[in-house]
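Morning, everyone. Please have the viewer open while I talk.

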Amino acid sequence: MKFIHTADIHLGSAMNKFPKEIADKRKAELRDTFKRLVDYARENVRAVILAGDVFDSDAPFKKDKDDFYSIVKSAPQVDFLYLRGNHDSASAYTGEPLPNLKTFSEEWTVYDYADGGETVHIAGVELSAENAASVYSSLNLPKEGKNIVVLHGQVGTAGKDGIDLKRLRGKNIDYLALGHIHKRSEGKIDDRGEYAYCGCLEGRGFDEAGEHGFLLLDTSGETVSRTFVPFAARTVVEADADISSAKTAHDAYLCVKQQVKLNKNDLYRINLVGETDYETENFAADVKQYLKDDCGFADVKDKTEKRLDLSAYDNDRSIRGEFVRQVRGSDLPEEEKNRIIVYGLKALEGRELDV
Amino acid sequence: MKLISCHIENFGKFHNENIKFDESLTPFCEKNGYGKSTLAAFLKAMFYGMEKARANSAFNDRRHFLPFSGGGNYGGYVEFTSGGATYKIERYFEGKSGDDRKLYRNGAPVECAEEFGDFFFNLDRASFERTAFLTGEDIDVGATEDIKTKLNNLAEGIGDDADLEGALSRLEKKAKEYKKQKGGNDLITEETEKVNRLSETIKDKRRIGEGLPAKYRTLEALNAEIKAAEEAIARAQGENVTVNNWEQYDRMLAEAKAAEEEIAAIQEKYPRGLPLPAEVEGVNRALRREETLNAGMGRAFSAEDGENLAAYRDEFELGVPAEEDLRAAETAVRREEELGRRLSSPHAESPRGRELKERFRSAPTEEKLGAVARAAEAYRDAEQRYNALPDTVAGAARESAGKKKPLFIGLAAVSVLLILAGIGLACASAAAGAALLYAGIAAGAVGLLALVLVGFFYLNKKAETAGGGLAANPEKEDMGRKKDELYANLQALLLPYGYSFESGEKYAVKTFFDDAEAYSALLKEERACEDARREAEKELADVQRQLDTFFKRYGVVEETRSDALSRLRMDVKEYASLTERKEKAEQEEASARRELEAHEEDVARFCEKYGLQTAGLEQTLRTVEQDRNAVESAKRTRFERQEGAEKFRREKNLTERPQEGAYDLGALNADLGELRKKQTQCTSEISEDEFLAGDLPDCERELEEAQEKLNGYRETHRLLTKTADFLKAADERLKEKYIKPVKDKFTEYSRDLEKALGEKITVGADFKVRFESCGAERDGEHLSSGQRSVVALCFRLALIENMYDKEKPFLLLDDPFASLDEEHFERAKTLLIGLSQRMQIVYFTCHKSRAIE
């Protein structure tokens with residue numbers, strides 16, 4: 001039998017780590033990706049394991065829940081094993097009960113699936129402060145068949161959001177489906193079982209860069225095998241581009257193009273790094289504009305080091321030199337000193353103070 | 001530092017120019033255009049290099065002093081002493097930025113990373129430029145100019161178009177963009193307001209968001225209530241259905257009962273029972289039959305029929321004509337008509353008859369006929385013989401020809417006579433008739449033809465004779481003549497009858513005999529017709545008499561016999577018919593009376609049986625029928641309702657009658673409606689709240705950005721203020737560092753100035769120049785321009801003394817004393833020579849009067 005392991009979908013997320021113009025689009029893409037996942041599930045799997053944080057808020061909006069229920073309802077032949085995480089609380093709107101939406105509680109709940117001679121037990125529990133320590137001892141799984149356990153939390157010490165792997169050893173777990181960490185990772189529990197974070201379904205900001213999707217589990221073999229299925233509508237990428245050699249904004253854009261592989265569908269955070277003159281204007285806005293046809297979206301940050309060669313003023317006996325020496329001799333932070341010096345020199349030279 | 005010499009290989013107008021410098025004062029008295037600026041620029045270039053030549057940049061020194069000669073190295077070298085060592089700077093420039101420089105110390109190359117000028121003077125190029133070169137304008141310190149400003153400018157290294165005050169003003173202006181003292185309308189104030197606004201909005205949205213869970217609970221409760229209400233309504237509907245079913249069952253039973261009552265009511269009207277349908281039908285039939293019979297009485301044979309019958313009786317008082325009489329009359333009528341027609345139409349003569357009559361006025365006699373036959377035979381015979389004879393014999397031609405000549409003449413004469421006879425007959429035909437005309441024409445034609453033939457034969461014969469050799473057969477010629485005669489004879493016999501020989505004599509003869517025969521027959525026929533006519537007239541008269549007698553007997557008078565006969569036949573027929581009908585009508589009426597009596601008896605028995613009145617029986621019977629139908633219908637209804645009710649009860653499983661009546665679904669639905677309204681309202685509120693709260697993260701982000709921006713503005717404002725503070729501090733420091741020493745130094749020079757100018761020069765705290773004259777302190781404005789230039793020189797020297805830490809540079813003076821009078825110049829010269837002991841001075845003038853040896 002096959003199952004989908006997904007988590008941390010965060011439906012209803014504001015996507016506010018993205019600029020406004022892209023955030024709304026990403027919200028819709030997130031909903032659509034979940035819908036596509038269910039379309040995929042309808043044709044391929046027996047059940048979908050939702051290992052927590054299906055919604056973004058403690059109290060998800062009714063419209064987000066209704067949307068979720070509607071999508072789940074559209075695939076009545078697929079079970080959705082819904083483990084609430086730290087983001088879906090009991091105070092949320094519950095909506096209508098659906099026969100294919102199976103939930104967990106603060107006590108272990110097991111759902112069994114059989115097909116031919118194969119039996120799979122899927123057990124899950126919602127960790128809370130009240131059961132964080134006791135859940136481990138109350139988990140009893142048979143030796144026969146395949147056992148999948150669903151939890152939401154950080155691997156480490158036991159707690160409301162913590163999972164103590166050591167206490168799960170020897171529990172006949174074949175696969176521990178985890179949620180909470182948005183980046184994919186995996187590891188071993190014991191000789192029999194392994195755990196994996198499937199990562200989130202879509203990157204919700206530039207801090208969630210990289211490939212996203214879900215894990216497709218297959219229980220037909222000796223073990224529960226898993227395959228990562230990339231499924232996100234877009235990939236979020238963060239990359240640096242050294243623009244030390246750039247004299248103009250277009251030069252900077254060309255540096256970016258040379259150093260970063262751009263895909264028209266993906267979202268990019270480009271950090272302009274390197275060293276530029278202190279008086280060189282900020283290229284970020286222009287580079288962002290130049291990149292608009294090269295990718296789905298580009299957020300450009302100027303993180304260049306500003307050079308300010310003040311050695312020329314060492315022997316300047318004029319007020320310029322004196323001013324520079326005064327500032328440099330002060331105990332202000334370097335960045336402040338540089339800014340004051342630039343302001344002062346421009347002012348003395350009668351130039352526009354474009355601060 | 002002391003310049004020793006310089007070699008200008010190529011620089012501006014100088015080419016391979018060598019210049020030696022005195023340790024103290026090196027005077028140059030050269031006319032304008034010598035190259036003072038070039039020399040000054042060369043020395044600057046040796047110590048500080050030359051700026052890059054940019055394509056769009058201003059005309060800088062590198063371009064300006066590109067050698068005029070166009071070839072050779074662009075540059076040179078300068079030798080000087082400094083710090084006890086002898087230095088040589090070699091420097092050549094190439095292209096836009098090429099700078100090949102070497103430094104030698106005491107003849108040995110020395111590495112020097114920094115610029116030579118910076119190294120030796122510890123001063124940058126701009127400061128060096130401003131101090132080492134002194135032109136007349138620089139020297140002239142006008143009365144209106146503030147020495148302090150000048151010194152400041154020199155010290156500040158900025159031009160007249162920008163100064164500290166300007167810089168401070170700009171900083172202040174910029175700072176005010178961020179924060180005004182009062183009035184708001186600055187970036188910080190605006191951004192602060194935005195932050196506050198966003199904070200309030202966020203609070204509000206959070207409040208809305210916090211209220212959502214409660215609204216969700218409310219909605220869920222409403223959903224549950226609605227579900228319960230719907231279930232209650234469903235139950236009530238079920239109950240109501242049961243109640244309705246019982247009501248329907250009761251209605252059916254009630255209808256059955258009503259039917260029962262209706263039957264009873266009807267049956268009560270008929271104490272002796274309700275007549276059977278067959279009986280009623282029988283009585284109805286009887287009544288209808290009575291009516292029919294009564295209506296038919298006297299209608300089979302009407303009064304009119306009686307009158308007609310009487311009339312016919314009168315007509316046939318003497319007896320009705322039998323059929324054979326009528327047929328005989330019919331035959332007589334036809335005969336009368338036929339005879340009438342025959343007698344009324346005259347004998348039509350046929351065209352053949354007319355033709356024959358015209359040919360033959362009378363029938364040809366036997367004698368005539370015989371003559372024609374004999375003539376025809378004779379001709380035929382002659383013709384045969386003629387044809388049998390050969391046409392020619394030898395040697396007989398000429399003789400025969402001579403013998404024949406009188407024959408030809410005779411024939412010709414006959415031909416002419418015939419023609420004349422023809423003409424004569426034609427002329428006589430006008431009085432005698434057409435027959436003579438034809439005869440005349442025929443005779444004429446024959447005569448003409450004969451003449452032509454005679455001529456032909458004559459000529460032919462003559463030709464034969466002329467030809468010689470074989471001659472015409474004289475026997476044949478004789479036969480020919482004979483034949484011709486016979487021919488003519490035959491023609492003469494037939495011509496009067498108009499027969500021509502155009503088609504040959506045989507045809508003409510035959511036609512003649514045929515026509516003669518036909519003519520005879522024609523005459524015979526005409527005679528027969530006349531006889532028949534007389535017979536017919538007689539017969540007609542007899543027939544007419546018979547018919548008159550016949551029709552008179554019956555008094556039938558019509559226009560024609562046929563009409564009368566038809567009329568008579570019709571009358572006979574009609575009379576027979578009427579008689580028959582009358583008899584039949586009498587029989588029928590008797591039968592009808594008997595039947596009528598029978599029916600009346602039946603009806604009476606019926607009425608007696610059921611106690612009904614005979615009067616108005618028809619209506620009574622209709623009522624009975626209606627009542628019978630009503631009873632039947634009521635019985636059916638009763639049966640159906642009873643059966644239906646039972647079936648309905650079983651189907652609907654009506655076992656126990658509900659205690660209560662129907663539920664008021666209206667009220668329940670109204671309650672449900674209210675709940676739904678609340679649900680809709682709640683859902684709408686939730687939607688609205690979610691919409692409002694939905695962009696809370698965006699607002700939070702916006703607030704974060706605004707906060708960051710506000711912090712940035714505050715930071716910028718702080719830094720701008722600090723910048724101004726630092727500038728002011730630098731200014732003070734500068735003044736402290738440069739101006740005071742300069743002032744002090746100037747004071748030192750003032751002693752030399754007193755000697756030079758003859759005035760005691762002082763400088764106030766405000767750097768105002770004053771001098772004593774005639775025991776009074778006067779303002780520096782009162783100094784002459786020459787005196788002021790000397791004062792300015794001293795100021796410059798004082799400045800240089802303080803600005804150059806390490807090595808004092810040389811000083812290039814470009815005609816600084818041009819405006820001094822001779823006396824003051826001498827003093828200034830002395831001063832200058834004295835000053836040159838302290839600093840190497842290169843002195844330029846273009847006036848000999850201002851030359852210094």
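Which strand order does the open sheet of four strands in chain B have? Before I answer, one caution: this is a predicted model.

The order is 3-15-14-8, and the pairing is parallel. Look at the edges. Strand 3 (25-29) and strand 8 (133-134) of chain B each have a single partner strand, so one side of each has no neighbour in the sheet. Now take strand 3 of chain B and its partner, strand 15 (residues 841-845) of chain B. They pair in the parallel sense over five bridges.

Next, the helices of chain B. Start with helix 9 (residues 277-296) and helix 19 (residues 617-651) of chain B. Their axes are 10 Å apart, and the packing angle is about 155°. Angles over 145 degrees count as roughly antiparallel. So helix 9 of chain B is roughly antiparallel to helix 19 of chain B. The crossing of these two helices is left-handed. Which residues of helix 9 of chain B meet helix 19 of chain B? They are Pro277(B), Val280(B), Val283(B), Asn284(B) and Leu287(B). From helix 19 of chain B come Leu617(B), Glu618(B), Leu621(B), Val624(B), Glu625(B) and Arg628(B). By class, that contact has seven nonpolar residues, one polar and three charged.

Helix 11 of chain B contributes residues including Ala329(B), Val333(B), Leu339(B) and Leu343(B). Helix 17 of chain B contributes, among them, Ala536(B), Leu540(B), Val543(B) and Phe550(B). The contact divides into 10 nonpolar, three polar and six charged residues.

Over to chain A. The order is 5-6-7-10-12-11, and the pairing is mixed. Strand 5 (109-115) and strand 11 (185-188) of chain A are at the edges. Each has a single partner strand, so one side of each is left without a neighbour in the sheet. From one strand to the next, the twist averages 20°. Strand 5 of chain A pairs with strand 6 (residues 118-124) of chain A in the antiparallel sense, over seven bridges. Asp115(A) sits opposite Glu118(A) of strand 6 of chain A.

Is strand 2 (residues 47-51) of chain A buried or exposed? Five of its five residues are buried, so strand 2 of chain A is largely enclosed by the rest of the structure. In a regular strand, side chains alternate between the two faces of the sheet. Here, both faces are covered. Ala47(A), Ile49(A) and Ala51(A) are buried on one side, Val48(A) and Leu50(A) on the other. Strand 1 (residues 2-6) of chain A pairs with strand 2 of chain A in the parallel sense, over four bridges. In that pairing, Ile4(A) has Val48(A) as its bridge partner.

Last item: where the chains touch. 32 residues of chain A are in contact with 42 residues of chain B. On the chain A side, the elements giving two or more residues are helix 2 (62-73), helix 5 (319-328) and helix 6 (334-348). Helix 6 of chain A gives the largest share, seven residues. By class, the chain A side has 14 nonpolar, eight polar and 10 charged residues.

That's my tour. Over to you.

Notes: Residues numbered from 1 in each chain as written. Chains lettered and ligands numbered in written order. Predicted model: local features only at pLDDT ≥ 70, side-chain atom pairs only at ≥ 80, totals over all residues. Axes fitted to C-alpha atoms, helices over the stretch in contact; angles between N-to-C directions. Parallel < 35°, antiparallel > 145°, perpendicular 65-115°, else oblique. Left-handed = near helix turned anticlockwise from the far one by under 90°. Contact = placed C-beta atoms within 7 Å. Nonpolar A, V, L, I, M, F, W, Y, C, P; charged D, E, K, R; others polar. Pairing = 2+ DSSP bridges. Buried ≥ 20, exposed ≤ 12 C-beta atoms within 10 Å, placed from the backbone.
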